[in-house]
Each structure stands twice: as structure tokens, then as C-alpha cells.
Amino acid sequence: MGFCSPEPNDVRYGRDEGAPLSRVASGNFSMAQRSMMDLIEREAVAHGYPRDLAAALIVNAMAESGLNPYALQPGTSITPEAMRERAGRGEDFSLRGIGLFQLTAAAQPSGIGKGSYLDRLNPTFNTRYMLEDELRSGFGSALRKAIDNGAGVDSLAAIFARDLERCRLCSVAWSGGRKGRTQDHGDGALGERAGRARQMFPGL
């Protein structure tokens with residue numbers, strides 16, 4: 001089944017502290033999308049983060065790639081086999097978002113930093129990059145503080161979008177302070193991300 005195909009008998013799930021986020025999420029999601037939610041939640045918990053942060057990551061992955069690990073910007077998909085072949089021919093994917101969190105940049109050695117283009121199609125690698133390299137960096141300072149202060153999923157999702165899923169202009173403006181980054185990203189976009197979080201996880 002395709003990554004964006006709704007399950008025919010999908011229902012709205014209520015809050016259940018013992019249920020995985022894939023069962024709590026409100027909306028029509030395919031089994032493949034729910035599998036990606038499970039993966040993101042497992043990785044976040046394994047890295048010592050709370051459930052609300054896992055939900056915020058899921059919200060952002062949904063916004064960025066539709067929870068499709070093979071997503072290739074703009075709005076297409078690519079298989080690992082096709083990526084291996086095309087990258088092997090020297091095709092440049094550095095400006096195209098790849099995978100769950102749409103990682104961009106020139107290819108790096110496999111397993112290092114953002115890794116190779118092929119690495120980025122691995123949903124575990126893609127998620128761990130966000131949790132390890134991004135969240136633990138200076139870019140993640142505001143998000144870590146929000147987690148410590150018990151911020152809700154909507155706030156965490158917006159901060160994640162602003163500081164970790166930042167656009168190129170936000171990266172350039174990092175040295176200009178948080179006000180500059182927020183303006184570059186657009187307050188409306190951050191509000192949309194927070195609203196998406198409330199819609200997907202109304203009980204959290």
C-alpha cells in the first residue's frame with residue numbers, strides 16, 4: 001500500500017497513555033505511515049526523550065515527507081536502487097530534501113553527519129540524525145529547554161520546525177538571533193505546524 005493511502009477502516013483514536021503514538025494519532029494514515037510513527041517513537045524513547053517530543057517529530061515528518069522514508073523533494077519518491085544508480089552516475093541531490101525529515105547537503109561519507117544520499121533513505125538513519133546531530137547541537141538548545149520545561153506537543157513541533165527543520169534562510173540567519181530566524185521562517189508557518197500538532201494529537 002502506498003505511503004499516503006488511507007486505511008479504509010481508519011478511526012479516530014482517543015488518548016491512551018499505554019498506546020503507541022501510531023494508535024493515538026488522529027487522521028487517515030496508511031499502515032506504512034503508522035510504521036514510520038512507531039520507528040520515530042522508538043528512536044526518541046531510546047534516546048531518552050519524552051513521548052511529547054516523539055509526537056512533535058512525527059508531526060514534522062508528516063509535514064516534511066508525508067512519513068515516506070523514500071520522499072525526494074519536490075514531491076516525488078525514489079527507491080534505494082534508483083538512488084544508488086543515479087548517485088553513482090554523479091547526479092547531484094545536494095539541494096533536494098531526502099527521506100523522512102528531508103535532509104539536504106552534499107553527500108558525505110556513509111554514516112558520517114548527514115551521510116550519503118543513500119543513507120538518507122534509511123528512516124532510522126534519518127531520524128537518528130535529527131535526534132543526535134541536530135537536537136544535541138546549538139540549533140537544538142531552545143527545543144531542549146522547552147522539553148525540560150514541559151512544553152506541549154504543539155510548542156515542541158513549532159520549535160522543531162523553526163530550529164531543526166530550518167530552511168536555508170533560517171540557517172544563514174542563525175548568527176542573527178532567534179528573532180531573525182523566526183522572521184525568516186515565517187510566523188504563519190510556525191503557527192501552521194503547531195496547529196497540525198493539535199490536530200494530529202488532540203489528547204496530548
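**Exercise 1. Find which residues Ser-116 touches, leaving out those up to four places away in sequence.**

Solution. Ser-116 touches Ala-107, Gln-108, Pro-109 and Ser-110, where contact means heavy atoms within 4.5 Å. Before going on, a word on the model: it is predicted, so local features need pLDDT of at least 70 and side-chain atom pairs count only at pLDDT 80 or more, while totals for chains, interfaces and linings use all residues. Residues are numbered from 1 along each chain as its sequence is written, and side-chain values use heavy atoms, with hydrogens and water left out.

**Exercise 2. Decide whether Ser-116 is buried or exposed, and where its side chain reaches.**

Solution. Start with the accessible area: at a relative value of 17%, Ser-116 is buried (under 20%; exposed is over 50%, partly exposed in between, with a 1.4 Å probe and protein chains only). Next, follow the side chain of Ser-116 to the backbone nitrogen of Asp-119, at 3.0 Å.

**Exercise 3. Describe the aromatic pairs by their distances and angles.**

Solution. Rings of Phe, Tyr and Trp (its six-membered ring) pair if their centres lie within 6.5 Å; planes under 30 degrees apart are stacked, over 60 edge-to-face, and the rest tilted. The count comes to two aromatic pairs.

- Phe-93 and Tyr-117 are edge-to-face, with 5.4 Å from centre to centre and 70° between the planes. Both Phe-93 and Tyr-117 are buried.
- Phe-101 and Phe-160 have ring centres 6.0 Å apart and planes at 50°, so this pair is tilted. Phe-101 and Phe-160 are both buried too.

Key:
A polar contact is a pair of N or O atoms within 3.5 Å; within protein, one must be able to donate a hydrogen and the other to accept it, and residues adjacent in sequence count only if both atoms are side-chain atoms.
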